[in-house]
Amino acid sequence: MAEPSPPPTSSNAGLRILLSKDRPAPSTAVSTLSSHADRDRIIGVFRSALSRNEPPEAFALQTVQEAIKPQKETVLVLEENQSLENALRKLLQELVLSAVQSGKKIMQYGNSLDSGESNCLITRLLDIVLYLCERGHVEGGMVFQLLEDLTEMSTVKDCKDIFGYIESQQDVLGKQELFGRGKLVMLRTCNQLLRRLSKANDVVFCGRIIMFLAHFFPLSERSALNIKGVFNTSNVTKYEKDATDGISVDFNFYKTLWSLQEHFSNPALTSTNPAKWQRFSSNLAVVLSTFEAQPLSDDEGKLNNLDQEEDAAFNIKYLTSSKLMGLELKDPSFRRHILVQCLIFFDYLKAPGKNDKEGPAGGMKEEIVSCEERVKKLLEVIPPKGKEFLKSIEHILEREKNWVWWKRDGCPAFEKPPLEKKSVQPGGRKRKPRWRLGNKELTQLWKWAEQNPNVLTDPDRVRMPSITEYWKPLAEDMDPSAGIEEEYHHKSNRVYCWKGLRFSARQDLDGFARFSDYGIEGVVPSELLPPEVNAKFSSKPAEKVKRVKREDSKGASAQPKEQQVAATPETDGGSAGDPEEGAVPMDSDNGVAEDGQKQSPGEVSGPESGQCEPEADGDDNMKTETSSKDARAGEK
C-alpha cells in the first residue's frame with residue numbers, strides 16, 4: 001500500500017485546496033476539535049467588533065480577514081463562506097438567548113437606555129453582514145439566512161420588530177447582486193411568518209408582509225401567481241340548516257343568503273353546470289329584492305361608519321348565526337360585502353377565456369347584465385358615500401381584469417431589452433436617412449400635431465403675449481429712475497422692436513401710428529409709462545408743426561420792407577421764388593424787361609394788376625402781404 005505524500009512545502013503553503021489523491025487521511029477527533037475552536041475564535045472576533053461604535057464600512061472587512069484569514073484579500077472561497085456562516089448563526093443564537101434571559105425585546109437587546117443611544121447588538125450584526133454581502137466580500141445569501149433564523153427563534157411580537165428592520169433595508173436587499181441569491185430564502189421566510197399569524201388578529205401585519213413581497217419581487221415574477229386559476233374550495237362557510245327557536249327573520253331567506261357563498265367559492269363549477277346557475281340566479285334575485293325592499297337610511301349608515309372609528313376591527317368573514325341575521329341586514333358593510341362578491345363573480349363569468357366562444361351563453365349573459373345593474377344601483381344607495389364606493393370598486397375590477405388577461409397570456413415580461421445599435425463595418429458606407437420632408441426637423445414638425453393632440457388646450461403652451469405685456473420691459477427702461485444705460489436699452493434690440501411693431505400693427509393701430517412721429521418709444525402704451533415720461537408723448541406732433549409755422553409767418557410779416565427781397569425769374573416763363581422766404585410773387589409777364597435785359601436783384605417791378613407799390617410804413621406792409629395772397633389766387 002502506497003504511503004501518503006508528504007505535506008506541501010513552504011512554497012505552496014498558501015494553497016488551501018489539495019488534490020484528493022494527495023490529501024492525507026483526516027482524523028475525525030482532531031478535525032472536530034479544530035472546527036469548534038475556529039468557530040469559537042470567529043465568534044470572539046465578531047463579539048469584540050459589535051462593541052465598536054464605528055460604522056460597518058470602517059471595520060467590517062478587517063474583522064472578516066482577522067477571523068477567517070482568507071486565501072484572497074477581499075473574497076472568500078466556498079469553504080470559508082461556510083465556516084463564517086456557521087459561526088455567525090451560532091453567534092446570533094447566543095445573542096437571542098441572552099436577550100430572552102434578560103427580559104428585553106430581541107431588537108432592543110444591547111441598547112443604552114441611560115444615554116439614549118440605540119446600539120442593538122443584533123442590529124449591528126445584521127448591518128455588518130449586510131455590508132459585506134452588498135460589497136461582495138462574502139456570499140450574498142448569508143444575510144437572508146440570518147434573517148430566517150432570527151424569525152424562527154422569535155415570537156410573533158418580536159417578529160414585528162424584525163420585519164421593521166427588513167422593511168428599512170428593502171432597497172439594499174432588493175439589489176440585483178443580493179436578490180438573485182436570497183429571493184427564495186426571503187419568500188420562504190415570509191410564507192412561514194404568514195402561516196404563524198392569525199388572519200383575524202394580525203391582519204395589519206399580514207398586509208405588511210404581502211406589501212413587502214409585492215415591492216421586493218418584480219412585477220413579472222411568477223412565483224406568487226396562481227397560474228392555473230385554482231380556487232380555494234377548502235374555505236367553506238358553515239351555516240345552520242335547520243330553524244331554531246327565537247329567530248326574528250325568515251329562515252328561508254337566511255339559508256338563501258348564505259347559500260350564495262357556495263357559488264362564490266368556486267365560480268367555475270357554477271358557470272359550467274346549468275342547474276347550479278339556475279339555483280344561483282333564483283337565490284340572488286331573492287336577496288336583491290330583499291335589499292331593495294329594505295333600504296338603509298342615512299342614520300343607519302352614520303352609526304356603522306367605520307371611517308369615524310380609529311380602532312375599528314376588520315373581519316375577513318362574518319358570523320353566520322341566524323340570530324344575528326336581523327342586525328347584519330341593517331349593517332351597510334355587510335350588504336357591501338355581499339354585493340361586492342357578486343360583482344367579482346360576474347366579472348369572472350364575463351371573461352373566463354381568451355375567445356368569446358368560451359364566455360357565457362346568450363341567456364346567461366343577459367341575466368348577468370341585468371343582475372349586475374341591480375347590484376350597482378344597490379351599492380349607490382347604501383350610505384355613506386355610495387357612489388364613491390361604487391366608483392372605487394369598478395376601478396379595482398378594471399385593473400384586476402388587466403392582471404387576469406396578463407396571466408392567461410403566459411405572463412410575458414414587462415421589461416424589454418434595449419435596442420442594439422448595428423455596428424457599421426470599417427469599409428462600409430453609411431447610408432443617409434431619408435426624410436419625408438427633406439430633413440429631420442421638418443419631418444418632426446409635420447408629425448408634431450399628431451403626437452400632441454392636446455397641445456391647443458394646454459394652459460402652459462407658448463402663446464402670443466398682449467401689447468401691455470410685451471412693451472412692459474421697454475417702459476421700465478424709459479423710466480429715468482431706473483438708470484438703464486443706452487447699451488442695454490430694449491430699444492437697441494432690433495429683433496425686439498421688430499416683433500413689437502408686428503404686435504402693435506395687429507392689436508394697437510393707434511400706437512403703431514405714433515411710430516412715425518416719436519419712434520419706437522411712442523408705440524409703448526401710455527398706461528405703462530410714468531407721468532413725467534408720458535407728458536412728452538401726450539401732444540400731437542401735427543399741431544406742433546402748425547403752431548411753429550404760424551409763429552414764423554407772423555414774425556416774417558413784422559419785418560421792415562428793406563429786409564424783404566423779391567426773387568426775380570432768370571428766364572422767360574420761369575417760376576417765382578419761394579413765397580415763404582418773404583419774396584413778393586410776380587406774374588410771368590414781368591419776368592423780362594421791355595428792352596430785353598434782365599433786371600437786377602435790387603430793382604422792383606412796376607405796379608400791375610393785383611399788386612401795389614411797396615411803401616415804408618407798416619400799414620403798407622400789410623397791404624403788400626394782402627396783395628401777395630391775391631396774386632397767388634390769380635395764378636391758381
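The model is predicted, so local features need pLDDT of at least 70, side-chain atom pairs count only at pLDDT 80 or more, and totals for chains, interfaces and linings use all residues. Residues are numbered from 1 along each chain as its sequence is written, and side-chain values use heavy atoms, with hydrogens and water left out.

Start with the whole chain. Its secondary structure comes to 25 helices and zero strands. These are DSSP runs, numbered from the N terminus: H or I of at least four residues for helices, E of at least two for strands. Of the 636 residues, 31% count as buried. Buried means under 20% relative accessible area, exposed means over 50%, and partly exposed lies in between (1.4 Å probe, protein chains only). Residues 24 or more positions apart account for 65% of the contacts with a separation of 6 or more. A contact means heavy atoms within 4.5 Å.

Next, the cores. A nonpolar core is a set of buried Ala, Val, Leu, Ile, Met, Phe, Trp, Tyr and Cys residues joined through side-chain atoms within 4.5 Å. The largest one has 62 residues. Phe46, Leu84, Ile122 and Met186 are among those with the most contacts inside it. Helix 4 (residues 121–135) gives the largest share of this core, nine residues. Another core, of 36 residues, lies apart from it and includes Leu257, Leu329, Phe334 and Ile393. Leaving out residues up to four places away in sequence, Phe46 touches Thr63, Val64, Ala67, Leu84, Leu88, Leu91, Leu125 and Ile128.

Now the helix pair. Helix 8 (residues 176–196) and helix 9 (residues 203–216) pack at an angle of about 160 degrees, with their axes 11 Å apart. Axes are lines fitted to C-alpha atoms, for helices over the stretch in contact, and angles run from 0 to 180 degrees between N-to-C directions. Helix 8 and helix 9 are therefore roughly antiparallel, a term for angles over 145 degrees. From helix 8, residues including Phe179, Lys183 and Met186 meet a set in helix 9 that includes Cys206, Ile209 and Phe212.

Finally, the loop. Asp202 lies between helix 8 and helix 9. Is Asp202 buried or exposed? Asp202 is buried, with a relative accessible area of 15%. Asp202 touches Val156, Lys160 and Leu197, not counting residues up to four places away in sequence. Asp202 and Val156 are 46 residues apart along the chain, yet their C-alpha atoms are separated by 9.5 Å.

How values were computed. Parallel < 35°, antiparallel > 145°, perpendicular 65-115°, else oblique.
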